[in-house]
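Try each task before you read its solution.

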Amino acid sequence: MSRGGYRDHGIVGNLYRWTLYLLPGEFRTRYALQMLQAFRDTSDAVRAGRGVSSATRAELRMLAELLIGLPREHLQSWKECSKRAVTPSLGEMSSATKKAPPLGPLIQDLRYAFRRVSQSPGFSFVAVFTLAVGIGANTAIFSLVNAVLIRNRPYRAPQELVHVYSKVEGRSAYANTSYQDLLELRGLDDVFDAVGAYAGRMSRVMENDGAVPVFIEAVTQNLFPLLGLEPRLGRVFLPEEDVVPGNHPVAILGYGRWQRSYAEAPDIIGKSITLGGRPFTIVGVMPESFESLMVPGVRTDVFVPMKMAAALSREGDEGMYFDRTAQDVKVIGRLRSDVRPEYASVRIDGLSDQLKAAFPDVYEDRTFNVVPTLDVVIQPDFDRVLLLPIAALLMAMVGLVLMLTCTNLASLLLARGADRAREVAVRCALGAYRIRLVSQFLTETMVLGVVGCFAGLLLAHWLLNVLTAIQPPFWVPIDIDHSLDSNVLLFSLCVTALAGLLAGVAPALRSTSPNVAPVLRGEHPPIRHRHFDLRNVLIGLQIVVSVVLLVAGGLFLRSLQEARNADPGFATQDAGVVWLDLGVSGIPMSEWSSTTEKLVERARALPGVNEVGVSNGIPLAVGAGSGAFDIPGVEPPEDYEHHHVRIYCIDQNFFPAMGIDLIAGRGIRGADRFDTDPVLVVSEAAARRFWPGEDPLGRSVFSTELEQPMRVVGVARDIKLDRLDEAPQPLFYLAAKQHAHRADNVLLVARGNAPAAEIAANLRHLVRSVDAQLVVMTVSSLREQFSVMLFPYRAPAGLLVAFGTLALVLAASGLYGAVSFAVSRRTREVGIRMSLGAKASNVIWSMIKDILVVVAAAVFLGVLAAVSVARFLHGFLIGVEPFDMPTLVCVPILLLSVAFVAAFVPARRASRACPSESLRTE
């Protein structure tokens, strides 16, 4: 289709002309020129009669008709070829010019592409490696995101499932509900086919070295059938096993517990497992595909009937089944097939109104909130605030890596296309259509892409094994199923196709438009020093992406450094800590105090230990509880009846053991027992909030749990409770012996002149020697506990620095290759200049100055882009602003230095070549 006499019809005209190349070969040969001429004539006639806008509409209509007709023409062509293949005529059988089968051109392109790839093993290896890095990184991160956020849990018809939460005004829109709420919801039989619930519990089992904690989920009898879950072995719970509280101790093992503790024994059904000192009969084993009802990646050890939940609770109180304020269960319902979610919400709102009228004290500020189960990962607020932003950050990060690999590969393909200029010119001279040449080049790119995809999947598998082997510093092991599924494979194919198109289209179009005559005569095109050449644009894009990734990594590294240097308000060195749960251990409340005193006495006798303190929580590790208080002269916040303040129950040695300074007054003393006047120590933030500008010592504080007022006896330095970047929070320290009911969690802190790891190991042995039934949740140094809070900063910093370094290497290699190619194209020029006496430094500078200008401009644009991106990272940073000058200065200097070296090396090598040899090569 010649362009002779062709008046430009704009973008639509060009699209129409290019679309004609997609018609079947025989049809295109017969009719394409006529169709193009008809398009031009119609457009010109409409333009002359009704104006430009009408002509554009006519052009779009003709383009749409062509696109719609493409499948029909290809189908017709295929049918005609099939008929000729089945019943050929004698003339066709003897003809040497038979038509090729429909897939003939594709097979021919594939054969030629494989031959070209095999003839250049060095180029092919670099291209495949580059693609494997981009595809592998994207597949690995997407596999994690898919496992946590996208992959549906193995539920039957999950689109019919909904979670029902309690919405508490002013507190949470997605709180747990009560067991009584569950019973009320079951009454909506015109809305739900079935309604079930589950609740999390902790208990203990005995192993060789003592009691260990196990994670239990108590489920209603109908929950597994409601979800469509079938056990791997045995059966689900029977209706009669979920009627009377504490009457049917039966259990279903999670797959992980069955695998670890019973070696997948097939005869496990009917045997017993002792939970919290009580034997439970094992009636089933859940399949490997089912992890947990609550948190993806955390495998539940044991499932028990809901009516056994109270028997496993610390208090053993059955009030949870009757108390409407005990919001302890999560509710899942299956909607009837003829019920729409909107109708379900209306009916449930009506139920809320009925409950508010019947129980105004309980439901005055409580309603129900219905959320499709497909939209829930852990809890809607948690998903929205934490999971989704982290997933978006990770995918954006690897998306930039993919963009970098595509631009790097495109640069390689441009250089390779320039080397094939003579081949392309010969084929054009012989009458080859440009669309066939573009198709051939794209086929070669897609062959590289397919090989890169397989290599990328292998790299992704290795990366996933490395990432999942790094366990976060939590007491619950994380086991994410990152196996390949249809989502991951489809994503990998899409990424491969996208990478092939992004990397291949521009080089293919550029390489298939040579100036035929000069190339056939062996003439080199003149050297044009254009800053906006396609190759320079690709180099600039690599630099911009590298700057963004490196700046993001630098910000997270600076944030991690600030987090490490942050003052938590207590000493983290030279101390070991052991966390015990006396409630889960089965220790009666009456013995909590005596058990703790025995542990403290034995710990003081350990070698190298100077101080031993006890608390029911540790800042930045095991969260502080809270209590309701009344403070004379200080009104509680609006909509609240009391002041809600965080509290620790401590003994007399907690402050010295933790290294927390007292600002005024005294600390808790050993004489502060249950039979003495209640006392408390307040933090500086509490003193400022409740008694601003006044002396808090001697002030009275009334607790809703005590009849007597508590007297403030001291003021302690502020500490970080939950996050390193938080503002100081009010905190009350209560005497543990005066609040024994809060002492179920025991954290024993031992400080001395021995190494912290040795102190922690000695604490573990001490606990086992005192009572093998004591459940040790964690044991570590205080520094290791502190590192738990550093993990959210350390993990993204490590990933971003790794990908930023990869980006730097790819950009440097791309820059090196581009300069090497430019030097090779200027061999004759270099030889002439050197033979005429030019200085080597001048020759080197002439070859690298243009590329360095491009790099400098790209670095500047990259810094602007990085500053814009960094604003979205502000919520992930601590102590660092998005416009962080050290990062924004160091990253450009690093990139400019690397770019200079990458450009200088090939230029210097070319300047040292013998001029006569350079001229002879031409």
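## Exercise 1: Around helix α9

Helix α9 is followed by A263, whose phi is positive, near 50 degrees. Before going further, please note that this is a predicted model, in which local features need pLDDT of at least 70, side-chain atom pairs count only at pLDDT 80 or more, and totals for chains, interfaces and linings use all residues. Residues are numbered from 1 along each chain as its sequence is written, and side-chain values use heavy atoms, with hydrogens and water left out.

**Task.** Find which residues of α9 (residues 255–262) are buried, and what the buried residues pack against.

**Solution.** 
- Step 1: Set the cut-offs, where buried means under 20% relative accessible area, exposed over 50%, and partly exposed in between (1.4 Å probe, protein chains only). Helices (H or I, at least four residues) and strands (E, at least two) are DSSP runs, numbered from the N terminus.
- Step 2: Apply them to α9, and Y255, G256, R257 and W258 come out as buried.
- Step 3: Look for partners by contact, meaning heavy atoms within 4.5 Å. The buried residues of α9 pack against β3 (192–207), β4 (210–219), β5 (233–234), β6 (250–253) and β8 (278–285).

## Exercise 2: Salt bridges

**Task.** Count the salt bridges in the whole structure, then describe the pairs made by R366, D190 and D381.

**Solution.** 
- Step 1: The search finds 18 salt bridges.
- Step 2: R366 pairs with D181, with the closest N and O atoms 2.7 Å apart. This pair links distant parts of the chain, since R366 sits in strand β11 (residues 366–372) and D181 in helix α7 (residues 179–186), 185 residues apart. Both R366 and D181 are buried.
- Step 3: D190 pairs with R347 at 2.9 Å between the closest N and O atoms. Here too, distant parts of the chain are linked: D190 lies in the loop between α7 and β3, R347 in helix α11 (residues 341–358), 157 residues apart. D190 is partly exposed because its relative accessible area is 27%, and R347, at 25%, also counts as partly exposed.
- Step 4: D381 pairs with R384, the closest N and O atoms being 3.0 Å apart. The two are 3 residues apart in helix α13 (residues 380–419), so about one helical turn separates them. With a relative accessible area of 22%, D381 is partly exposed, whereas R384, at 51%, is exposed.
- Step 5: Salt bridges that share partners join R257, R260 and D301 into one network.

## Exercise 3: Buried or exposed?

**Task.** Decide whether S780 is buried or exposed, and do likewise for D361.

**Solution.** 
- Step 1: S780 is found in strand β22 (residues 776–781). Its relative accessibility is 10%, so S780 counts as buried.
- Step 2: Leaving aside neighbours within four places in sequence, S780 is in contact with G576, V577, A760 and Q785.
- Step 3: D361 belongs to helix α12 (residues 360–363). D361 is exposed because its relative accessible area is 76%.

## Exercise 4: The whole protein

**Task.** How many helices and strands does the protein have, and what share of its residues is buried?

**Solution.** 
- Step 1: The secondary structure comes to 27 helices and 22 strands.
- Step 2: Of the 922 residues, 49% count as buried.

Key:
A salt bridge is a side-chain nitrogen of Lys or Arg within 4 Å of a carboxyl oxygen of Asp or Glu.
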